[in-house]
Every structure is written in C-alpha cells, then in structure tokens.
Amino acid sequence: MKILLISTLYPPHVVGGAEKAAALLADALVQRGHEVVMVSLHPGSNEIVEDRNGVRVYRLTVDNFYWPFGLKQKPNAVWRLAWHFRDMWNRKAARRIGRILDIESPDVVHTHNVCGFSLAVWREVKRRKVRLVHTLHDYYLLCPRTTLFRSGSDCKKRCLDCIVLTFHRRALSRLPDSVVSVSQHTLDEHIRRHYFEEVPTTVIHNIHGPAKTPFGQMLNDENVSDGLVFGFIGRVEESKGVETLLVATGQLHHANGKLRIAGTGLEGYVQKLKKKFADPRIQWLGFTDATKFYPSVDVVVIPSLWAEPLPYVCVESLHAGRSLICASSGGIPEITQLSETVEYFPAGDADALAGKMNLALMAPQRWRECKIPDSSRLRVFREDYVVERYVREYASHVNR
C-alpha cells in the first residue's frame, strides 16, 4: 500500500508529541513493506525532497508570514492574528499538496497536524477521490491556538476569535473517511460540538515502546532515604502548569522533598520563574534527555492546566516505572490509570497538589517502589498493535 502522511512538523524539527508519533508510525509502516511518503514544513526557503529511514520526505516552506514553531519570543498580537487568518484557508499550501498528490498517487492520505497547511489540503485530497484518514492530536479544528486554553485556564466557551477563525471547520470535518483520536477525551470534545457527523471515529494511542536506551530502575542519584525527588519534564510554559507545581513545592513540609525541572520555554518566562521561585529545593535542568531524567527522580508530576490529549510524559513515566501525581485534565487519566502508584488533583490547585506531594513524602519507600505495568496493560502503545489498527483504517473501502 502507498501511504502519504501529512504532518506539520517532522524530525529533526520537533516541538511536541504529534511529530514524534507521525515519525514512529511512518518508520513502522516502512518496516512492514508499505511505501510511505511524508509531507511536512520546514523553516528553510526552498523545498527539499529527501529519504529518511526509507520514507520519502517532502519538506515544504511555510506559506505564511513567519515560521511559528519553537520561537523564543512571541510575535505581536496583530502579526499572530494575521498568521491565523491566512491559515484559515491556505490556497498556496493546498496547491503544493495537490502537486505532490499528482506525483505520488497514493492509495490513502493520512493527515496528522495540519496547522500551517490549513484544511484546504483535505479538499485537495477529496478532489482526487483518495481515501482520507485524519488523526486528532490537539484541538486545531476548534481553536486556532490548538489548545482550548487562554488566560491561564481551559476555555469553557469558545472565544469570539476562535469562532471566527474556525467557523468553516465543522462543515469540513465531514470530509475525512475516518477519524482517529489519540485519546477518548479529545474525541469527545469534538463530538459534543457536532464535528465529524456521519464519519466513523475511533481511538488509537500513539506508538510508544520501551526506550532503546533503558531508563533503568535505580533510585534517584541523591539516594535520599527519607525523602523524594519529584520531577517535571516538558515545555516550561503556563499551560503545562509549571507555576502550580512551583507554588506547591514551596508548601512541602519535608526538607528532603526536592524538585527537578527538565525542559525549556520562552526565555523571558523561564527567567521570571527562576527569579520568583528561588528555592534551593528546585533544580532547573534545562533540556534533558529522557533516559537520564527518569532514573534521577522518584515521582513524576504532570500538572497540566490545559486538557492535553495524550502527553508523551505519561507513557514514558509508565515505561520508566515511575510513580505519578497528575492533574485530572484531558486525556491524562486515561493513560496514567495504568500506573500502580498514582494520585490526582484538580488542575491548577496548588494546595491540592502540595497535599499529594506531602502525602508521598510520608511514605517515600512506597512511592519509590512503583514498577513498570504488566506488558499486557501497555500493549495499546506497542508498535505492532498501533500499526495494525491504522492499516485497518487505511484499507477500509467503505465509500461514503
């Protein structure tokens, strides 16, 4: 089968989990004998066609005012709004996709994130009567910022600019022949707003197996017998709930409760946090390899304010055999319930989080002894399981 994948980003350009998921799936499909083509964006000024692990990769320039991914400083509000207006229906990006579709003639097109391409690419696919499968990694169809998060909290109602900038996306959501979501929560958020009417939907988690370099089961390297090292890994930004965690750390009763923060963010924001929370118990690691981070902590804290569909840190923590304290938001509980040692708190409630952390500090040995869940519980993340489910979606010949 010839499969053309579309993903806003693709390694080595990585900002979040969606592009990791797309790359893992592409590589796995190639290994099973399928012909795979990937179309993504890159920050350069020229189109590039190259081979990556047997995948033919088209890297296109972004047909918009600026490259918006992984910036150290945000553009001003007017410039951002202009970017989103163009992303409502990007004809130039659609023409580029159409040209590649005509060259490659795939059996099926599978779109992941399409921010930067716009949903105009769906129209190009359906004009050619090619089967279209779409995976929901975020809330792009509902919110131009993709998060349904604003001013420090989840959006209970959609903002006026969200309604205006996405007014046509509900009607366009009928175009895919099949829709996959990485979590039930994310799918439900779309369904209750009447997206994907009469379109078959299902949930398939992202591929995630044990790390090629084992995480290891050693205790944190400080070997504190009567305390715990809590850890956060990911983007250091407001929506991730970092400030909730920092406030909670200041309320720890036990002197041997420590916090390690691994990750980067907007430089000004990170510096502000370091200055505001100048606590000797907090260690700022910057970018850190996951295989080094997880063995150095006892308990992973996932304090996300926004309703994350499927944070990779959830699955990584399970494979690393780490205990968890998590915000009960988005798709997080769907995954972390597989852990044998996990506690939840309301997103944004620093007092409740501090209570859970202090609870863990009262029984440190129990929280260190968490084990990797049985392999049967983790099968939904295994490569063979995920690929089999996707191939089934690709091969369906139900005509609508």
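Trainee: Where is phenylalanine 196 found?

Mentor: This is a predicted model. In it, phenylalanine 196 is found in the loop between helix H7 (184–191) and strand S10 (201–203).

Trainee: Why is phenylalanine 196 called buried?

Mentor: Its relative accessible area is 3%. Buried means under 20%. Therefore phenylalanine 196 counts as buried.

Trainee: How do you know whether serine 118 is buried or exposed?

Mentor: Set the value against the cut-off. Serine 118 has a relative accessible area of 0%. The limit for buried is under 20%, so serine 118 is buried.

Trainee: Which residues does the cis peptide bond join?

Mentor: Proline 11 and proline 12, with omega at about 10 degrees. Most peptide bonds are trans. Proline 12 lies in the loop between strand S1 (2–6) and helix H1 (17–31).

Trainee: What makes threonine 146 count as buried?

Mentor: Its relative accessibility is 16%. That falls under 20%, so threonine 146 counts as buried. The residue lies in the loop between strand S6 (131–136) and strand S7 (149–150). Leaving out residues up to four places away in sequence, threonine 146 touches Asp138, Tyr139, Tyr140 and Trp306.

Trainee: Now the helices. How do the axes of H8 and H9 cross?

Mentor: Helix H8 (residues 242–249) and helix H9 (residues 267–276) have axes that come within 11 Å and cross at roughly 10 degrees. Angles under 35 degrees count as roughly parallel. Therefore H8 is roughly parallel to H9.

Trainee: Which residues make that contact?

Mentor: From H8, Val242, Glu243 and Leu246. From H9, Tyr269, Leu273 and Lys276. By class, the contact of H8 with H9 has four nonpolar, no polar and two charged residues.

Trainee: What is the strand order of the open sheet?

Mentor: The six strands run S13-S12-S11-S14-S15-S16, with parallel pairing.

Trainee: Why do S13 and S16 stand at the edges?

Mentor: Strand S13 (282–286) and strand S16 (342–345) each have a single partner strand, so one side of each is left without a neighbour in the sheet. The twist averages 20 degrees from one strand to the next.

Trainee: How many bridges join S12 to S13?

Mentor: Four bridges, and the two strands run parallel. A pair needs at least two bridges, so S12 and S13 count as paired. Leucine 259 stands opposite isoleucine 282 in S13.

Trainee: Which helix lies across S11, S12, S14, S15 and S16?

Mentor: Helix H13 (residues 350–361), running at about 160 degrees to S16.

Trainee: How do you know that cysteine 314 is in no disulfide?

Mentor: The structure holds zero disulfides. The nearest cysteine sulfur to that of cysteine 314 belongs to cysteine 326, 5.8 Å away. A disulfide needs sulfur atoms within 2.5 Å, so cysteine 314 is in none. Cysteine 370 is in no disulfide either; the nearest cysteine sulfur, again that of cysteine 326, is 11 Å away.

Trainee: What makes cysteine 314 and cysteine 370 buried?

Mentor: Cysteine 314 has 0% relative accessibility, and cysteine 370 has a relative accessible area of 4%. The cut-off is under 20%. So cysteine 314 counts as buried, and cysteine 370 is buried.

Conventions: Residues are numbered from 1 along each chain as its sequence is written. This is a predicted model: local features need pLDDT of at least 70, side-chain atom pairs count only at pLDDT 80 or more; totals for chains, interfaces and linings use all residues. Side-chain values use heavy atoms; hydrogens and water are left out. Axes are lines fitted to C-alpha atoms, for helices over the stretch in contact, and angles run from 0 to 180 degrees between N-to-C directions. Angles under 35 degrees count as roughly parallel, over 145 as roughly antiparallel, 65 to 115 as roughly perpendicular and the rest as oblique. Contact means heavy atoms within 4.5 Å. Ala, Val, Leu, Ile, Met, Phe, Trp, Tyr, Cys and Pro count as nonpolar, Asp, Glu, Lys and Arg as charged, and the others, Gly among them, as polar. Buried means under 20% relative accessible area, exposed over 50%, partly exposed in between (1.4 Å probe, protein chains only).
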